[in-house]
Amino acid sequence: MPLSVLITAANVHDKWLVAEVLDAVMLRGVFVPLRPRHLCLDKGYDYADCEDAVRTRGIVPHIRRRGEQPLIGCVSGKPRRWVVERTNSWHNRFRGILIRWERIAANYLAMLHLACGLIAYQQTHGF
C-alpha cells in the first residue's frame with residue numbers, strides 16, 4: 001500500500017529523495033506507529049547516505065547490495081518481485097497518471113494522491 005508520494009523531474013536519482021519520502025509518510029491511527037519499522041530498498045539505493053538517512057529516522061534498512069545474487073523465490077525458481085514494482089503496476093492501472101498529460105505539477109500530484117487513496121481503499125476492502 002502506498003504510504004507517501006513525491007514527484008520530481010525525470011533526471012533526479014531516487015537516492016536523493018529517501019529522506020523526503022520518509023518524512024512525507026502520514027500514518028495516523030490509534031495503534032499505528034508514525035513510521036514503518038523496516039524498509040526494503042533495491043540496489044539503486046545501495047549508498048551510505050541513503051542507509052544513514054533511513055537509520056537516523058529509527059528504521060531498519062534492508063538494502064540489496066550491488067553485485068549481490070538475486071533472491072530466488074520458493075515457487076518455480078523465479079526471482080521475487082519487489083513491493084515497489086507491484087505498487088507501480090497498481091498505479092499503471094490509472095490512465096490519467098500512466099502518462100503525464102498535466103502540465104501543472106499540483107494537478108498531477110492531486111491525481112496521484114487520489115490514485116493512492118483508491119489503491120489503499122481497494123487493498124483494505126478486498127476489491
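Visitor: Is D46 buried or exposed?
Guide: D46 counts as buried, at 12% relative accessibility. Buried means under 20% relative accessible area, exposed over 50%, and partly exposed in between, with a 1.4 Å probe and protein chains only.

Visitor: What kind of model is this?
Guide: This is a predicted model, in which local features need pLDDT of at least 70, side-chain atom pairs count only at pLDDT 80 or more, and totals for chains, interfaces and linings use all residues. Residues are numbered from 1 along each chain as its sequence is written, and side-chain values use heavy atoms, with hydrogens and water left out.

Visitor: What is the mean pLDDT of the protein?
Guide: The mean is 82, and 80% of the residues reach 70 or more. The term pLDDT stands for the predictor's confidence in each residue, from 0 to 100.

Visitor: Which element has the highest mean pLDDT, and which the lowest?
Guide: Helix α2 (residues 48-56) has the highest, 93, and helix α3 (residues 83-91) the lowest, 79. Helices (H or I, at least four residues) and strands (E, at least two) are DSSP runs, numbered from the N terminus.

Visitor: Back to D46. Which residue forms a salt bridge with D46?
Guide: That residue is R65, and the closest N and O atoms of the pair are 2.7 Å apart. R65 sits in the loop between β2 (60-63) and α3, while D46 sits in the loop between β1 (38-41) and α2, 19 residues apart. A salt bridge is a side-chain nitrogen of Lys or Arg within 4 Å of a carboxyl oxygen of Asp or Glu.

Visitor: Why can such side chains pair?
Guide: Side chains of opposite charge can do so when their charged atoms come close.

Visitor: What about E51 and R65?
Guide: E51 also forms a salt bridge with R65, at 3.3 Å between the closest N and O atoms. E51 is buried at 17% relative accessibility, whereas R65 is partly exposed at 32%.

Visitor: Which residues are linked in a network of salt bridges?
Guide: The network links D46, E51, R55, R65 and R66.

Visitor: How many salt bridges are there by this rule?
Guide: The count is six. One of them joins D49 and K15, at 3.0 Å from N to O. D49 lies in helix α2 and K15 in the segment before α1 (18-23), so this pair ties together parts 34 residues apart in sequence. D49 is partly exposed at 34% relative accessibility, and K15 is buried at 14%.
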